[in-house]
Structure formats: structure tokens, C-alpha cells
Amino acid sequence: MLGIDQKNILKRIRGRVLLNNVLKGLFFASTTIGLIFLALLLYRILTQGIGYLNSGFITSFPAPYPEEAGIFAGLIGSLLMIAIVAPVAIILGVGTAIFLEEYAYKNRWTKFIQINIQNLAGVPSIVYGLLGLTFFVYMLRLGYTLLAGGLTMSLLVLPVIVVAAQEAIRSVPSDIKEASYGMGASKWQTIRRVILPAALPGILTGTILALSRAIGETAPLIIVGAATALYTLPDSLLSKYTVMPIQIFNWTGRPQEEWQFVAAAGILVLLIVLLFMNAIAVFIRNKFQKRY
Amino acid sequence: MNTLMKQKKVDNKTSVKTDKKEIKHTKSEAAMDKNVFEVNNLNLWYGNDQALYEINMNVPQNKVTAIIGPSGCGKSTYLKTLNRMVEMVPIVKTSGSIKYNGEDIFSDKHSVEGLRTKVGMVFQKPNPFPKSIYDNIAYGPRIHGVKKKAVLDQIVEKSLRDAAIWDEVKDRLNENAFGLSGGQQQRICIARALAIEPDVILMDEPTSALDPISTLKVEELVQELKKKYSIIIVTHNMQQAARISDKTAFFLNGELIEFAETDKLFSNPSDKRTEDYISGRFG
């Protein structure tokens, strides 16, 4: 007889319920382990760094003594860096995403490009550093400048922004696009008036998360020559610069224990900036989210 | 003197024109009223699958033309071919010709945007933009370059009145169109299509997602609209076709089986397959 044997099902049901419970425990444990390490990290940094975190620390330049050292140059450097990376990466990234999703023919070439962009998002950041060194620093003769660093970072976050923007554009329901085309709107009109407004929350969230990554990156900037200790602020795109992670990296490398506390304070400032940026992302997502 | 001359010239011209028109009219009278669409030997493929076979069909002006047939018979595909929306699917190929007011719609001379401005569309599922009611209606005029607020206000009110929904929404034009019921949303979509003053309105099963009362309202609206527009409506519902249309086309497996006056098609179909379908033997 075909069909379901009720007796057998009852026998096996206990095993299935047990498996469910075991797996539930396993997943809970995974979450907990992650949270524990995060809590440990925050606790250590807070207890070590809080003593050094004051207005002097934020407004001071590097100094030979831990008590006088500050992260001002790095903080401003990081913000300037974002000011370069954001426009460059957003324009190139969103433009690429629009082209791939709305204009390009869906053929083997676009598929190939697609896969490569996704691969680029996973390339180690130090490789981008080497690319930036060869291309921006030497070939374009930009030298070890803020501009070279910013452009290198733009390349680093570009694939992430492209992928995020593509996802956001793809998630715009096709029926409202059809409504627009059905009234004789051109492709660009439809993109500007229907697709981009609907995709904006997704694009902005992805972009800010990508920028958060850029603000925490160290390796590529070491390669393209960010300064470790800087006693002036950059006054043009072609000035020397430093960023927070570089300063922190530098402090952690020093033998005296007090420098570790200074580094912890630096990490705290970095985390605060990151939290602030993520808060903006969440705010934008909630404020502009459209329901369909 | 000068103006008089001009006046005369104009008179001459118009008289010549009317003469021509009359001649044309008498010529076409034998063939019946004016057609908005003349479709000849239309074939359509999705990739390698043929969806439409040798369609020949003239769609009359200022009439309601219904297209019926079972699911997958090609009726929606056919409808979307008329404003070239079917080309949104990149693998579509067509052969044959479609003339809109005598001009080939596939010709490079005419842009697809221009065609869709004249041939509007209402979709199966209500698809308002996630914008205010006002912005929904003003969308079409705006993309075609209307910027003045006063003009837009007029267009919005007129379109909403023509779509018989003005009284229901006039106090909340700035609210999101998503807050309306499905039936209201569909009439907003009809108003949105009217706002660009098309000649033809294509309707792709516009009431299939609506409740009976909303359906009735849309049907009454269609009767009202045919005074000004030519309407082509795809419907699953044979009673609906019988109620609202002047002519009906029956599609089956990508072929146009029969196209006749609605009364004749339903009371005295000339093809056995049409008879089987409308008497509910399949589909």
C-alpha cells in the first residue's frame, strides 16, 4: 500500500523532536559564544581605556608620553578619509549597480563581471593596498598622500557597495517599474523616480556599513604610506595623513604598559564613531523604508 | 486684406482635407469603423517557445474589445505586445506587423516611449507607486514635462474624477496610495493611466484581484471610458466580457480562434472550440 503508515510515524516522531531540541541547544550555544567574546572585548577595552579617554585625548596630537598622547590627528584623518571615500565609492558603486541591473544585457559577460565583483569583495585588503601603492602612489605619482589613501580605500569598499546596491535595486518590485514604463517613461526616468527612491534605504545602509569597514581598515593604509605619528592636520588632499587604526596599531606595538591603555582609549573612540555610523544606517533604514 | 487671403487659404485647405477624409471614410465604411490597431500575421516567441501564432486582428476605435481564453493561451502576451511591454522580457522575438493608427509600432521611426504614451496600460494587480495619491496621478504628466503646480492640480482632479474615485480620495491626496483598498488602488491606477491622456487603454485582467463590488465599479467605469478611449481588456471572466465589451476575441493555445461582435460570439459562435469554451467544457 502506498500512503503513510501512521504507526511508524509515531515511533519516529520522538527522534525528530529530540533532534530538534539538540539543534536548538547548539544554535543557542553558537550565539552565546559570540556574545561572550564580544562582552569580554568590550569589558577589557572599557576598563583599560576609560581612564585615558577624556577631552584632552580627543583633541591632542601624538606625544612621547602616554598621558599627553591624543588621537586628534587620526580622528580628523579618518573623517577626511570617509569624506573622500564616500562620494567616490558611492558614485562609482551605485553607477555600476544601476548599469548591471537595469541597462546591461543579461548574458555571459555580465554574469562573468557579476561573479568577479563578488570575488573582489572577498579579496584581502592588503591586496588593495598593493594595488593602491602601484597605481595611485607610483603610477599617478600621488605619493603618500590623503588622496592616494582615500582612493585606495574607495577601491576596497567599491565591490561591497556594488553588491549591496544591486541587491537593493533588485528588490524593487517589478510591477511598479512596469507601471512607469507603461506610461512611456524612459529608463532613466524610471530609475530616477521609481527605482532609486525605492532602493535608497538599502543602498544607504549597505554603503554606510561599507564605510564602517573602511574606517576600521589598517593594512592597506600602512602600505600606501599613512604616517604613524603626525603633529599637524592635513591641509589639502595632497598632505600627509594618519587614521585612527594606524595610531592604535602603533601604540599597541610599544613596550610600556601605559601605551596599551592609550590604545584601548583609541579603540573606544573608533568604536564610538563606528556605532554612530551604524546608528545612522539604522535610522535611515527605518525612516525611509517603504512597504509594498 | 492679408488676413482675408489667409482666411481663404485656410478655408481652401480645410475643404480639401474634408474632401479627402470623406473619400477615406467611404472607402473604409465597407470594412467597418476606424481601427486603432491592425495586426497582421503576428507571431511571437519566448526564446524557442512560440506563444502567438499568425494573429490577424483589427481592434476598433472607441469600443471595448474583450480578449478571453484559458490560462496560458497568450491573451496577456498579445495585450502586452500592443504597447511593446512584452519586450521587458529580453528573449522575446516577434514577426509580422502591428499598425497603430496606420503606423508600424516596431518601426525605428517611433519610440517605444511615444507608443506607450498613447497606449496606456492597467495591470492585473493594482500597482500604485509607494508615493502619495497625488504623486501617483501626477507621475505621468511629470515625466512628460508638466511642471506647473496649477496644471498638475487640474490634471489630478480630472483624472480622479474620470476614474470615479475623486469623491473617495479628495480629502487625502497627500496620503500614501498604499493605504487604500485594493479596489480603490486599481481605480487610482486607472486614473494614473488617464492622466497622460492616451488614446487606448489596455487592461490586463484589471478586476481579477478585486472583490465583486470593486469589480462592478471598474466595469461601470469601463463603460464610461469607452466614450473617449478605445479599450482592450483581457479577462478570465466570460460574464464580464459579455457584460462590458462590444467585440470579443477568443484565444486558444496562442491562436486567435474567433473574433466577432460580443453578442454573436456568445450566442452563435462559428467555431466549435469557442462554443466548447464559452459553454464551460474546458478552461
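The contact between the chains takes 18 residues from chain A and 20 residues from chain B. Here two residues are in contact if their C-beta atoms, placed from the backbone, lie within 7 Å. This is a predicted model: local features need pLDDT of at least 70, side-chain atom pairs count only at pLDDT 80 or more, and totals for chains, interfaces and linings use all residues. Residues are numbered from 1 along each chain as its sequence is written, while chains are lettered from A and ligands numbered from 1 in the order in which they are written.

Look at the side of chain A that touches chain B. Helix H7 (174-182) and helix H8 (187-216) of chain A are the elements that give two or more residues to that side. H7(A) supplies the largest share, 6 residues. Helices (H or I, at least four residues) and strands (E, at least two) are DSSP runs, numbered from the N terminus. By type, this side of chain A holds 9 nonpolar, 4 polar and 5 charged residues. Ala, Val, Leu, Ile, Met, Phe, Trp, Tyr, Cys and Pro count as nonpolar, Asp, Glu, Lys and Arg as charged, and the others, Gly among them, as polar.

Stay with chain A. Its two domains are domain 1 (12-49) and domain 2 (56-288). Such bounds come from an automatic or database domain assignment. The C-alpha centres of the two domains of chain A lie 31 Å apart.

Next comes A:Ile161. Leaving aside neighbours within four places in sequence, A:Ile161 is in contact with A:Ala89, A:Ile90, A:Gly93, A:Gly206, A:Thr207 and A:Ala210.

Now turn to chain B. Its secondary structure comes to 11 helices and 10 strands. Strand S1 (residues 35-46) and strand S2 (residues 49-60) of chain B pair in the antiparallel sense over 8 bridges. Two strands pair if DSSP finds at least two bridges between them. B:Tyr46 stands opposite B:Asp49 in S2(B). The hairpin has 2 residues between the strands, and B:Gly47 takes a positive phi near 65°.

Where does B:Leu202 sit? B:Leu202 is found in strand S7 (residues 200-204) of chain B. B:Leu202 counts as buried because it has 28 C-beta neighbours inside 10 Å. A residue is buried if 20 or more other C-beta atoms lie within 10 Å of its own, exposed if 12 or fewer, and partly exposed in between. B:Lys80 is 122 residues away along the chain, yet the two C-alpha atoms are separated by 8.1 Å. Leaving aside neighbours within four places in sequence, the contacts of B:Leu202 include B:Leu79, B:Val119 and B:Ile232.
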